[in-house]
Amino acid sequence: MIVAIASGKGGTGKTTVAVNLALSLAPDPGKPASTSVHLLDCDVEEPNAALFLHPEIQQRRAVGVLVPEIDFAKCTYCGRCAEVCQYNAIAVVQQKVLFFPELCHGCGSCTLNCPEGAIRERLRASAVLERGTVGQRLSFAQGTLNVGEAMAAPVIRQLKQWAIPKRTRRALVILDAPPGTACPVVEVMSGCDMVLMVTEPTPFGLHDLRLAVQVARGEMGLPVAVVINRDGVGDRGVESFCAAEDIPVLMRIPMDRRIAEAYSDGKPMVEAIPEYHPRFRELYDRMREVAAP
Amino acid sequence: MKQLVTLSGKGGTGKTSVTAALAHLAAQGASIVVADADVDAANLELVLQPTPVEEHAFISGSLAIVDASLCTACGRCAEVCRFEAVISDGDSYHVEPIACEGCASCFHQCPAQAIRLQPRHSGQWYRSDTPYGPLFHARLFAGQENSGKLVTLVKQQARLLALDRRAHFLLVDGPPGIGCPVISATSGADLALLVVEPTVSGIHDLQRILDTTEHFQVQSVVLINKADLNAHRAQEIASFCAARSVSLVGHVPFDVVVTEAMVQGQPVTAHADGPVTVELKRVWQKLRRRLTS
């Protein structure tokens, strides 16, 4: 099963749920594994899961987008490349070709359209992907966008291609999504079996949950379920919304200072409060029912 | 007119609650305009009691559409698409709107000229009146591209009105992350207020957002929110700020009044007179001095 952990609003506890779910499901060292667990931190702008898991990184690679490189011996400055570029990443002014790499989406259309075959493509690195393991128990991967880079979505796409195992029937793949509801979030959700929304019971939480559900269920047709974090603060809006929309609430994590303190020190909740181990395993059982009813 | 942008890197640290409070405080002695630059999960409208004044469509980018009656099913479109947006239907192809980045590569390569490009209605933007001044905000439709362009548009409109009305301050509530919409929200700011919480994730993300604002040469100051949650981590932030020569403008304590104010749909400073409000008043005095000196 591949599950995206999303929320709309930031800071609702996506990473907390992703990390603790992974740790609770990962097999004990030395014991035969029925499920292999993979955690991918897809919040490439601000990846935080590694702060809680301290993975041992075994592989690292630079990724980015394929950008055009012009062979000026062949270029006739006809301007066709600039004409087809939808992102204004190329401008041809008299005998000059100006290229703005940060605007390039790497679609390759300029290369295909150049009548002189004067464009080649090279990789322009915009992020680093890393992969490794956490104590031999779970596979970990993350992407980190370089500072000053704009486009997260292509990095997420490449992270998923690189780190999601080919066969996922007996695996649990957890994708920790960034906040928001725009293209990076869609990139994470694409190809998932379900989306687990982590929200808080406040007007901001509800407002953004509504939008995130619209993306996951409305636009992408994926089953969704909710975890309410900091249960007890705020109001009843999220509960009413879930009931009205027929969205199952699979877990409620109470507002608890011990959880907030463990989080602030980078300690996984299931290590600080071991009673949560069985609760996260139970969450997984309920998620499977949602993903394959 | 001076422009302040509230950022954080990490989501859910309290950007919007802080910006709403600053709008309330600033409006008491100055004329302000407010812009919500979090266009995929806009929350400022929930606490500034907006009355709609104008609404406009945001048309940006394009969507490729295959005319099945002209399609010869040669598959060239799917071959050139780098976004996995072209899907085979057997005797024809179609484009998945949510995956299409509007690059037009398929449009140019289709030998049967069966593909057309349609301008994309990707969101709405609004101007509203609030008790504190005009608010510009927007909604990017679920899963759309170009959030940075919509942020730029919202800010541009807010700026024009601010100049027109000779407003003293433009307050911009930024999105989480460090990518495309954050870069758009940051450009042109006179000062960035970085709201951080005293957690390992908060500190990690603070470094990345500070690297980003420095990269774009925007001066930053830091505000620690929920500062008493972990005194040790708050001290770590203070040392980090000192090492990077960044001013720390305040320590807002954790208090349930912040959530209560949100439930009431009000800025916290308009809702309660406790320690949170006292500290935010002090913070605004410092920011105002810094912006106007």
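Helices and strands here are DSSP runs, numbered from the N terminus. With that in hand, let's work through two exercises on this predicted model.

**Exercise 1.** Find where B:Gln217 and B:Lys226 sit in chain B, and decide for each whether it is buried or exposed.

*Solution.* 
Step 1: Start with the backbone. Most residues other than glycine have a negative phi. B:Gln217 has a positive value, near 55°, and B:Lys226 also has a positive one, near 50°.

Step 2: B:Gln217 lies in the loop between helix 6 (200–215) and strand 10 (220–225) of chain B. B:Lys226 belongs to the loop between strand 10 and helix 7 (231–243) of chain B.

Step 3: Count the neighbours. B:Gln217 has 7, so B:Gln217 is exposed. B:Lys226 has 23, so B:Lys226 is buried.

**Exercise 2.** Describe the contact between chains A and B: how many residues does each chain give, and which element of chain A supplies the largest share of its side?

*Solution.* 
Step 1: Take the totals. Chain A gives 53 residues and chain B gives 51 residues.

Step 2: List the elements. On the side of chain A that touches chain B, those giving two or more residues are helix 4 (109–113), helix 6 (183–189), helix 7 (203–219) and helix 9 (257–264) of chain A.

Step 3: Pick out the main contributor. Helix 7 of chain A provides the largest share of that side, with nine residues.

Step 4: The side of chain A that touches chain B has 22 nonpolar, 22 polar and nine charged residues.

How values were computed
Residues numbered from 1 in each chain as written. Chains lettered and ligands numbered in written order. Predicted model: local features only at pLDDT ≥ 70, side-chain atom pairs only at ≥ 80, totals over all residues. Contact = placed C-beta atoms within 7 Å. Helix = DSSP H or I, 4+ residues; strand = E, 2+ residues; numbered from the N terminus. Nonpolar A, V, L, I, M, F, W, Y, C, P; charged D, E, K, R; others polar. Buried ≥ 20, exposed ≤ 12 C-beta atoms within 10 Å, placed from the backbone.
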